[in-house]
Amino acid sequence: AMSPRGELLGEPELAIEGVPAETADGVPMSEVVLTAVDGTLRSIPAAKRRDVALVSDAVRRAVRAAVDQVWGKKPIAKVLITVVDGKG
């Protein structure tokens, strides 16, 4: 979840299906994915994080690349972002 200003409002959640639970080196695939998500979100300037489509596409591409690097295959990656407005 993100605020309309592009601030992350909680920890990203993920569901992993169809990929190994661990890399060949024994690193949990969830750690690989969360590291890619975190790095991507940190690399996007705050003003640009307001663009949900940009954030979604950047995270999707980063996850696919990170998994491809450790597994050799690009998984299907779906990114769901909820924008939470504090009004109401």
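Contact here means heavy atoms within 4.5 Å. The model is predicted, so local features need pLDDT of at least 70 and side-chain atom pairs count only at pLDDT 80 or more, while totals for chains, interfaces and linings use all residues. Residues are numbered from 1 along each chain as its sequence is written, and side-chain values use heavy atoms, with hydrogens and water left out.

The secondary structure comes to two helices and zero strands. Helices (H or I, at least four residues) and strands (E, at least two) are DSSP runs, numbered from the N terminus. Along the principal axes, the C-alpha atoms fill a box of roughly 45 × 20 × 20 Å. The chain has 88 residues, and buried residues make up 27% of them. Buried means under 20% relative accessible area, exposed means over 50%, and partly exposed lies in between (1.4 Å probe, protein chains only). Of the contacts in the chain with a separation of 6 or more, 47% join residues 24 or more positions apart.

S3 counts as buried because its relative accessibility is 11%. Leaving aside residues up to four places away in sequence, S3 touches L9, V83 and V84. T23 is also found before α1. T23 counts as buried, at 12% relative accessibility. With residues up to four places away in sequence not counted, T23 touches M29, V32 and V70. M29 and V32 are themselves among the buried residues of α1.

Helix α1 has 15 residues. From first C-alpha to last, α1 reaches 21 Å, close to the 21 Å expected at 1.5 Å a residue. The expected span of a helix is 1.5 Å times one less than its number of residues. The buried residues of α1 are M29, V32, V33, A36, V37, T40 and L41. Seen down the axis of α1, these residues fall within an arc of 155°, so they line one face of the helix. The arc is that of the directions from the helix axis to the C-beta atoms. An α-helix has 3.6 residues a turn, so residues three or four places apart point the same way. The other side of α1 carries T35 and R42, both exposed. T35 has a relative accessible area of 54% and is therefore exposed. T35 and G86 are 51 residues apart in sequence, and their C-alpha atoms are 28 Å apart in space.

Helix α2 spans residues 52-71 and has 20 residues. The distance from its first C-alpha to its last is 28 Å, close to the 28 Å expected at 1.5 Å a residue. In α2 the buried residues are V55, S56, A58, V59, A62, V63, A66 and V67. Viewed down the axis of α2, they fall within an arc of 165°, so they line one face of the helix. The face of α2 turned away from the buried side carries the exposed residues A53 and Q69. The two helices meet through their buried residues: those of α2 pack against α1 (29-43), and those of α1 pack against α2.

The ends of α2 show two local features. At its start, a side-chain oxygen of D51 reaches to within 3.2 Å of the backbone nitrogen of A53. This is a polar contact, a pair of N or O atoms within 3.5 Å; within protein, one must be able to donate a hydrogen and the other to accept it, and residues adjacent in sequence count only if both atoms are side-chain atoms. After α2 comes G72, with a positive phi near 90°.

V52 lies in helix α2. V52 is partly exposed, with a relative accessible area of 30%. Residues up to four places away in sequence aside, V52 touches I81 and V83. V83 is also touched by S3. V52 and P20 are 32 residues apart along the chain, and 29 Å separates their C-alpha atoms.

The largest pocket has a volume of about 800 Å³. Of the 28 residues that line this pocket, the closest to its centre are E13, L14, K78, V79 and L80. The elements that give two or more residues to the lining are α1 and α2. On a 1 Å grid over the protein atoms alone, a pocket is an open set of points where a 1.4 Å probe fits, with protein on both sides within 12 Å along at least five of seven lines; lining residues have an atom within 4 Å of a point. Grid points are joined across faces, edges and corners, and a volume is the space filled by probe spheres set on the points.
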